[in-house]
2 protein chains.
Amino acid sequence: MDMHQLTRELNVRNENKVVMLVADGLGGLPMDSQGQTELETAKTPHLDALVSRGTCGLSIPVKPGISPGSGPGHLGLFGYDPLQYLIGRGALEATGIGFHLGPNDVAIRCNFCTLDGEGKITDRRAGRIATEQSAPLAVRLREVSLPGIEVFVEPVKEHRFVVVLRGDGLGGDVADTDPQTTGVPLLDPIPQNDASRRTAEVAAEFARQGAALLKDQSAANAFSMRGFSESPSLPSFDEVYGLRAAAIAVYPMYKGLAKLVGMDVVGDAKTLNQQMEILKTHWDKYDFFFIHFKYTDSTGEDGDFPGKVKRIEEFDSALPQVMALDPTVIIVTGDHSTPSLLKAHSWHPVPTLIASAECRPDRCTSFGEADCISGGLGHFEAKYLMPLALAHAGRMGKYGA
Amino acid sequence: MDMHQLTRELNVRNENKVVMLVADGLGGLPMDSQGQTELETAKTPHLDALVSRGTCGLSIPVKPGISPGSGPGHLGLFGYDPLQYLIGRGALEATGIGFHLGPNDVAIRCNFCTLDGEGKITDRRAGRIATEQSAPLAVRLREVSLPGIEVFVEPVKEHRFVVVLRGDGLGGDVADTDPQTTGVPLLDPIPQNDASRRTAEVAAEFARQGAALLKDQSAANAFSMRGFSESPSLPSFDEVYGLRAAAIAVYPMYKGLAKLVGMDVVGDAKTLNQQMEILKTHWDKYDFFFIHFKYTDSTGEDGDFPGKVKRIEEFDSALPQVMALDPTVIIVTGDHSTPSLLKAHSWHPVPTLIASAECRPDRCTSFGEADCISGGLGHFEAKYLMPLALAHAGRMGKYGA
């Protein structure tokens with residue numbers, strides 16, 4: 001039995017609201033073995049006050065030792081087992097630029113590349129061509145015409161763009177055309193199962209017409225196609241939890257991930273303060289709010305320890321605006337750790353807190369990695385956070401008599 | 001591989017005895033965020049002494065966030081995955097009144113109701129008819145005669161009674177006849193699969209004859225049938241653990257649950273002291289004793305914080321009588337939490353301790369929720385308690401060479 005069978009079966013509707021604040025890449029590491037992490041270094045009076053009346057713990061994004069990308073990291077927080085629900089690379093790339101995939105779509109990550117006179121690859125990334133040069137080329141590819149198929153071509157950054165094929169009978173299982181080396185031609189798109197036969201034919205025709213459109217371009221005269229994937233079919237928050245859910249995010253990737261689980265993306269905030277304003281404005285219309293804060297991750301990725309500390313303090317300072325709305329349950333967590341020391345996503349469990357009138361107090365008094373080790377939530381897989389949120393909101397009935 | 005494959009395969013028989021003391025609904029909450037729980041408030045010198053030489057932890061009855069009923073709560077403690085083994089509502093109701101279900105039985109929860117002259121329901125619970133009035137009506141239904149089927153009709157309380165149909169080829173998957181509303185007739189029992197076709201026919205005939213027997217009764221002239229269920233087929237304690245197991249309980253529900261896993265229900269105790277006497281009397285005949293104490297749950301359900309504290313102290317005071325028998329392993333736990341604050345079963349993990357000569361000491365010194373957070377057993381799913389018990393009793397060999 002998966003947890004969504006339980007959350008569906010035990011669903012109780014009420015007026016209680018849940019706010020989930022996600023500081024991306026929140027968890028960290030000290031810069032030396034005697035030091036403190038970014039979160040422990042930051043002055044976080046509002047988080048600490050919440051810790052004193054809440055319950056803390058460490059959330060394991062996927063499984064011990066696994067460093068997740070943004071996709072699996074957020075699926076876990078949303079209660080979708082990240083080992084069961086997979087978002088294909090093409091689908092994630094499309095989601096990341098805010099493209100809303102439908103059920104008849106196959107998304108493909110494409111790289112501009114250069115071929116020599118014999119059609120052999122000379123540069124797999126077209127010299128990391130500048131976005132100003134590559135975007136018009138991607139737009140030109142919109143001229144491709146495929147009978148019975150709607151084609152979307154969206155520039156991304158540098159040599160990258162996304163193609164979405166929309167039509168009936170398009171499976172997502174087609175091999176990459178990138179041979180992963182130079183001096184050889186591009187590969188044909190080979191279907192990996194019968195359901196993807198038509199996709200492969202259509203992709204081959206797209207590649208043929210596309211190559212013709214680019215043949216005189218010196219910066220990039222071809223492209224590889226990778227990560228073919230269908231839209232991940234995720235049950236919605238409303239269906240599995242009975243929650244009207246809103247996402248308040250700044251970056252397209254997180255808006256896209258929220259859309260995949262049926263959240264409404266509300267507002268168009270550029271700053272955390274604007275996110276708080278949008279929260280206030282939409283307070284009455286939703287049961288659940290996902291608020292995403294990016295900069296704890298990006299500073300970590302930059303190896304900018306003091307920068308991450310500052311961003312955590314900024315995040316902390318927004319908390320009173322959430323508290324003023326008096327949510328029944330407030331959750332603070334991250335989708336993974338991004339220690340400045342490592343300049344990358346990591347597997348380290350993520351400091352997490354739940355505060356509600358029904359939470360059991362522990363002895364934690366400040367929000368930090370070492371404190372959370374002995375929190376009342378223990379060490380738990382992120383996918384259990386949503387069932388815990390529902391329980392604390394009185395939104396799940398008893399299992400069995 | 002499920003745990004029972006392991007416990008069977010690794011089984012070692014010896015003379016070591018295990019006592020599992022279950023204080024129903026043991027876990028609690030403080031009445032305000034700065035306070036202490038019922039267990040932390042109670043004076044429990046004997047439990048605290050046991051904690052000092054044992055290992056503590058927090059048991060998660062089912063999964064994080066899930067509040068279990070008595071059925072799944074006890075199945076977990078007995079080591080039967082409560083998401084794999086389901087006890088149907090009819091089977092649980094029969095179990096709750098001490099009816100021992102066999103493999104050819106289908107149990108049905110019935111409600112007396114009233115119909116008007118046109119056969120439409122006027123009251124789905126017959127005005128919550130008093131037990132003194134309803135019990136004789138249930139007994140009268142024993143006159144129903146069904147060819148090839150043995151029929152049992154057992155009064156429960158107020159408008160409720162249980163029917164058990166015993167015979168060959170009776171599946172348990174039949175829809176309820178209660179339309180969940182008034183002003184309409186009762187529904188027919190509709191089979192949900194081929195295996196339940198005969199059950200539905202037999203149930204329809206039971207309903208027909210039953211209605212004829214009740215037709216002149218003004219208090220209740222009909223009944224609905226709900227929660228059709230077969231006996232849950234649970235492997236026995238002897239088969240999966242190699243344990244001769246005895247249950248010492250006061251209430252029929254817990255005796256029934258113990259019987260479902262093949263325990264002998266011994267004695268007929270009304271008090272905890274009588275339970276201790278029965279433990280002593282049967283000490284030599286069994287390897288495992290399940291001792292159930294109800295009142296920590298019922299006081300919690302009543303929202304009676306001081307009452308629950310007192311009951312915990314009563315439970316503590318019985319401990320020396322167990323210790324005097326010198327069991328190899330002693331376990332103290334609950335099947336779930338029942339915080340007085342919530343007046344209901346909850347999802348909060350349950351303080352649990354194991355004491356034996358082979359347990360690894362932790363730094364816990366008193367038995368309470370906050371202490372158990374950092375106990376040596378960590379936070380674990382209740383279904384692992386039995387493997388831990390067997391290990392501490394030297395009753396499981398090495399897995400693999």
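Trainee: Which residues of β1(A) point one way, and which point the other way?
Mentor: A:Val18, A:Met20 and A:Val22 point one way from β1(A). A:Val19, A:Leu21 and A:Ala23 point the other way. Keep in mind that this is a predicted model.

Trainee: And are those residues buried or exposed?
Mentor: All of them are buried. Six of the six residues of β1(A) are buried, so the strand is largely enclosed by the rest of the structure.

Trainee: Which way do β1(A) and β10(A) pair, parallel or antiparallel?
Mentor: They pair in the parallel sense, over six bridges. Look at A:Met20, which stands opposite A:Phe290 in β10(A).

Trainee: How many bridges join β1(A) to β11(A)?
Mentor: Five bridges, and those two strands run parallel. A:Val22 has A:Thr333 as its bridge partner in β11(A).

Trainee: Zoom out a bit. What is the strand order in the chain A sheet?
Mentor: The order is β9-β8-β10-β1-β11-β12-β2-β13. That makes an open sheet of eight strands, with mixed pairing.

Trainee: Which strands are at the edges in chain A?
Mentor: β9 (264-265) and β13 (378-381) of chain A. Each pairs on one side only.

Trainee: What joins β9(A) to β8 of chain A?
Mentor: Two bridges, and the two strands run parallel. For example, A:Ala246 has A:Asp264 as its bridge partner in β9(A).

Trainee: Which strands does helix α10 of chain A lie across?
Mentor: Helix α10 (residues 272-281) lies across β8 and β10 of chain A. The helix runs at about 175 degrees to β10(A). Helix α14 (residues 385-392) of chain A packs on the sheet too. α14 touches β1, β2, β11 and β12 of chain A, and its direction makes about 155 degrees with that of β11(A).

Trainee: Now chain B. What order do its strands take?
Mentor: Chain B has an open sheet of eight strands in the order β9-β8-β10-β1-β11-β12-β2-β13, with mixed pairing. β9 and β13 of chain B stand at the edges, each with a single partner strand, so one side of each is left without a neighbour in the sheet.

Trainee: How many bridges pair β2 of chain B with β13(B)?
Mentor: Four, in the parallel sense. In β13(B), B:Glu381 is the bridge partner of B:Ile60. As for helices, α10 of chain B lies across β8 and β10 of chain B, at about 175 degrees to β10(B).

Trainee: How many residues does each chain bring to the contact between A and B?
Mentor: Chain B brings 28 residues and chain A brings 23. On the chain B side, α4, α5, α13 and β13 each supply at least two residues. α13(B) gives the most, with three residues. The chain B side divides into 15 nonpolar, 10 polar and three charged residues.

Trainee: What rotation superposes chain B on chain A?
Mentor: A rotation of 125 degrees, with 0.2 Å of shift along its axis and an RMSD of 0.3 Å. The two copies are thus related as by a three-fold rotation axis. The copies use different surfaces: 7% of the contact residues of chain B recur in chain A.

Trainee: Which residue of chain B comes closest to the rotation axis?
Mentor: B:Ser374, whose C-alpha is at 3.3 Å.

Trainee: Switching topic. What domains does the assignment give for chain A?
Mentor: Domain 1 covers 3-85 + 235-392, and domain 2 covers 92-230. Their centres are separated by 35 Å, taken over C-alpha atoms. Eight residues of domain 1 are in contact with six residues of domain 2. Helix α9 (residues 252-260) of chain A supplies the largest share of the domain 1 side, seven residues. That side divides into four nonpolar, two polar and two charged residues.

Trainee: Last thing. What is phi for A:Arg128?
Mentor: Phi is near 45 degrees, a positive value in a residue other than glycine. Most residues other than glycine have a negative phi. A:Arg128 lies in the loop between β4 and α6 of chain A. A:Arg128 is partly exposed, with 13 other C-beta atoms within 10 Å.

Trainee: And where does B:Lys343 lie?
Mentor: In the loop between β11 and β12 of chain B. Phi of B:Lys343 is positive, near 55 degrees. B:Lys343 is partly exposed, with 13 other C-beta atoms within 10 Å.

Methods:
Residues numbered from 1 in each chain as written. Chains lettered and ligands numbered in written order. Predicted model: local features only at pLDDT ≥ 70, side-chain atom pairs only at ≥ 80, totals over all residues. Contact = placed C-beta atoms within 7 Å. Nonpolar A, V, L, I, M, F, W, Y, C, P; charged D, E, K, R; others polar. Domains from an automatic or database assignment. Least-squares fit on C-alpha atoms with pLDDT ≥ 70 in both. Pairing = 2+ DSSP bridges. Axes fitted to C-alpha atoms, helices over the stretch in contact; angles between N-to-C directions. Buried ≥ 20, exposed ≤ 12 C-beta atoms within 10 Å, placed from the backbone.
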